[in-house]
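Colleague: I am new to this structure and would like to understand the terms as we go. Could you take me through them slowly?

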Amino acid sequence: MLSNNELLEKAKEASKKAYCPYSKFPVGACILYENGNIYTGCNVENSSFGLSLCAERNAMSNAINSGEQSQLIKIAIYSPNTTKCFPCGACRQWVQEFSFGNNIEIILEDDNKNCCSYFINDIFPYSFKLI
Ligand code: THU
């Protein structure tokens, strides 16, 4: 099982693959499942800007496409352009979708290059749910 530091390192590696010629704002994400499996994602932009895909949602799609059946527990997010690269609102809703009642840990890099973490229920309360 990777540590929070190791997950952040994987997110850093993933950010190097970002396709972001428009914003020049690379983002990488690495998600951890209860069974120890990890999946990464980077942002992928498009000349029609609104079609751009976020790193976090690409990581979660990667897991689903790989047939992952375990429970999502953590997500590390990194951008070389900023510290504490919080997930956007849409990605928070996606994280909540795959939480299934668990309070997912969100791992970021702080100003001192240390890991810090937040929980989805704190940064995205009262999320939309169908049931
Ligand atoms: N981006 C992400 O990858 N994740 C987020 O949570 C917010 C923003 C990307 C989208 C775009 O390619 C770039 O960062 C600048 O907005």
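**Reading the model, term by term**

Colleague: What makes isoleucine 31 count as buried?

Modeller: Isoleucine 31 has 0% relative accessibility and therefore counts as buried, the term meaning under 20% relative accessible area, with exposed over 50% and partly exposed in between, using a 1.4 Å probe and protein chains only. This is a predicted model, in which local features need pLDDT of at least 70 and side-chain atom pairs count only at pLDDT 80 or more, while totals for chains, interfaces and linings use all residues. Residues are numbered from 1 along each chain as its sequence is written, and side-chain values use heavy atoms, with hydrogens and water left out.

Colleague: Where is isoleucine 31 found, and with which residues is it in contact?

Modeller: Isoleucine 31 is found in strand β1; helices (H or I, at least four residues) and strands (E, at least two) are DSSP runs, numbered from the N terminus. Leaving aside its neighbours within four places in sequence, isoleucine 31 is in contact (heavy atoms within 4.5 Å) with residues including Ile38, Tyr39, Ala59, Met60, Ala63 and Ile75.

Colleague: How do you know that strands β1 and β3 pair?

Modeller: Two strands pair if DSSP finds at least two bridges between them, and six bridges join β1 (residues 28-33) to β3 (residues 72-78), which run antiparallel. One of the residues concerned is alanine 29, whose bridge partner in β3 is isoleucine 77.

Colleague: What is the strand order of the open sheet, and which strands are called edge strands?

Modeller: The open sheet has five strands in the order β2-β1-β3-β4-β5, with mixed pairing. Its edge strands are β2 (38-42) and β5 (115-119), each of which pairs on one side only.

Colleague: Why are the buried residues of α1 said to lie on the same side?

Modeller: The buried residues of α1 are Leu7, Leu8, Ala11, Lys12, Ala14 and Ser15. They cover an arc of only 160° around the axis, which puts them on the same side of α1, the arc being that of the directions from the helix axis to the C-beta atoms. These buried residues pack against β1, β2, β3, β4 and β5.

Colleague: What makes a group of residues a nonpolar core, and which members of the largest one touch the most others?

Modeller: A nonpolar core is a set of buried Ala, Val, Leu, Ile, Met, Phe, Trp, Tyr and Cys residues joined through side-chain atoms within 4.5 Å. Of the 22 residues in the largest core, Ile31, Ile75, Ile77, Ile106 and Ile120 touch the most other members, and the largest share, four residues, comes from α2. A second, separate core of eight residues includes Leu7, Ala11, Cys30 and Ala76.

Colleague: Why is glutamine 96 called buried?

Modeller: Glutamine 96 has 10% relative accessibility and so counts as buried. Glutamine 96 is found in helix α3 and, its neighbours within four places in sequence aside, is in contact with Ile120, Asn121, Phe124 and Ser127.
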